[in-house]
Amino acid sequence: MAALGIATGGSNWFSALALGVTLLKCLLIPTYSRTLLFQRFSVIFTDALFVYAVHECCKCIDGKKAGKELTEKPKFILSVLLLWNFGLLIVDHIHFQYNGFLSGLMLLSIARFFQKRHMEGAFLFAVLLHFKHIYLYVAPAYGVYLLRSYCFTANKPDGSIRWNSFSFVRLISLGLIVFLVSALSLGPFLALNQLPQVFSRLFPFKRGLCHAYWAPNFWALYSALDKVLSVIGLELKLLDPNKIPKASMTSGLVQQFQHTVLPSVTPLATFICTLIAMLPSVFCLWFKPQGPRGFLRCLILCALSSFLFGWHVHEKAILLAVLPMSLLSVGKAVDASIFLILTTTGHYSLFPLLFTAPELPIKIVLMLLFTTYSISSLKTLFRKEKPLFNWMETFYLLGLGPLEVFCEFVFPFTSWNLKYPFIPLLLTSVYCAVGITYAWLKLYVSVLTDPPVGKTKKQ
């Protein structure tokens, strides 16, 4: 973060932040895997799109609460929260993936909606969706918002929809964008009769509900409860050990398995739960329009709902909600509180991705730096309002420290290490699942209780 000193003294502070994080990414090249220089540099190079998207997002931030110092301005804080995001750093530049490039497309599409450039935003999302199908989870937010705020061109004075303002031309234009992008992406596979194979690989239901308790979602809590009940049942001799399924979530393998006590979960059940969890936010987006900000909150809730209730969710999918939540965090104190709980627990849940000894100090130091800055900067930004955390939230977040000490420094030296090697992953996932679920519920309460924005003209 040495570039921050340069940034505060000059006008080109954004370039300094971007340069600083790029240099850090270069320093992380030798981590995890060292035969892959071309791939490592390709990730850094494609992050240029992410940097541009962050720059565009900063233009959309209201500067009414801007302080006198540069470091207290919402745009500066948002730039750091996004460019120096801990999750992206370790997932892309240590673990090695391309989430920055994809996140850049998503953030840029969001920025275009704030800038009233709906067609560009729709095009960017269509491209993004064909790059990675996981973004299908937030498609309801995009579809409903474009229909409500772009295809319908006006509202009544009370904010309700004016039905006679519907534009078929705009609807056809959006459909044409989706069709052309889809045709360009899937056309070759259709011509070669390989489309069924593509879809079979996109939705691999045989991988099982979860993977070794890593994703901190509802099904981790569900499976942990099943594990506890099975242990109690065996101790009380209520269960026959010979009838307990051999395939287990705690084996660390990607496979299908059956729960022991609780009903086993099917892909259809997770789809229904995810859909039910998304619906209230989508209804609010339609019946309580709040412009691009309302769309952004619906997008985050869709992302969190799919993370909490989806089938075979990967732990890195939490970034799909954390990154756009950064934009809300500099606008309102309640959103800042939700962001800090979500990002802290979500980022900590990524720790099991980096499991070698040399990476331990790197991930701890980077996490502490980012978390400390996030909390201190947002507290400063909203210092005239009530505290961002209550006593319960503070106690929960502080509990991550003892949890890390136990998992990394105590448990490996206990007798349980050989017999129950899954315990650190189980504890990490269950503990973080509580925080992420809490943040989801808190954001939902905020969305459901906020009044609609009554405007006669649409954005």
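Let me begin with a definition: a residue is called buried under 20% relative accessible area, exposed over 50%, and partly exposed in between, with a 1.4 Å probe and protein chains only. By that criterion, both K25 and D47 are buried.

The model is predicted, so local features need pLDDT of at least 70 and side-chain atom pairs count only at pLDDT 80 or more, while totals for chains, interfaces and linings use all residues. Residues are numbered from 1 along each chain as its sequence is written, and side-chain values use heavy atoms, with hydrogens and water left out.

I turn to the charged pairs. Side chains of opposite charge can pair when their charged atoms come close. A salt bridge here is a side-chain nitrogen of Lys or Arg within 4 Å of a carboxyl oxygen of Asp or Glu. The whole structure contains 12 salt bridges. In one of them, K25 pairs with D47, with the closest N and O atoms 2.8 Å apart. K25 belongs to helix α2 (residues 13-27) and D47 to helix α3 (residues 37-59), so this pair ties together parts that are 22 residues apart in sequence. Helices are DSSP runs of H or I with at least four residues, numbered from the N terminus.

A salt bridge also joins E393 and K442, at 2.9 Å from N to O. This pair links distant parts of the chain, with E393 in helix α17 and K442 in helix α20 (residues 423-449), 49 residues apart. E393 is buried because its relative accessible area is 4%, whereas K442, at 22%, counts as partly exposed.

Next, helix α9. This helix, residues 168-191, bends by about 45° at S185, and the proline P188 follows within four residues. The bend is the angle between axes fitted to the seven residues ending at a position and the seven starting there. The buried residues of α9 are L174, I177 and V181. Just after α9, N193 takes a positive phi of about 60°.

S79 lies in helix α4 (residues 74-83). Leaving aside neighbours within four places in sequence, its contacts (heavy atoms within 4.5 Å) include W13, F14 and W84.

Finally, the cysteines. The structure holds zero disulfides, a disulfide being a pair of cysteine sulfur atoms within 2.5 Å. For C407, the nearest cysteine sulfur is that of C432, 9.4 Å away.

Technical notes: Helices (H or I, at least four residues) and strands (E, at least two) are DSSP runs, numbered from the N terminus.
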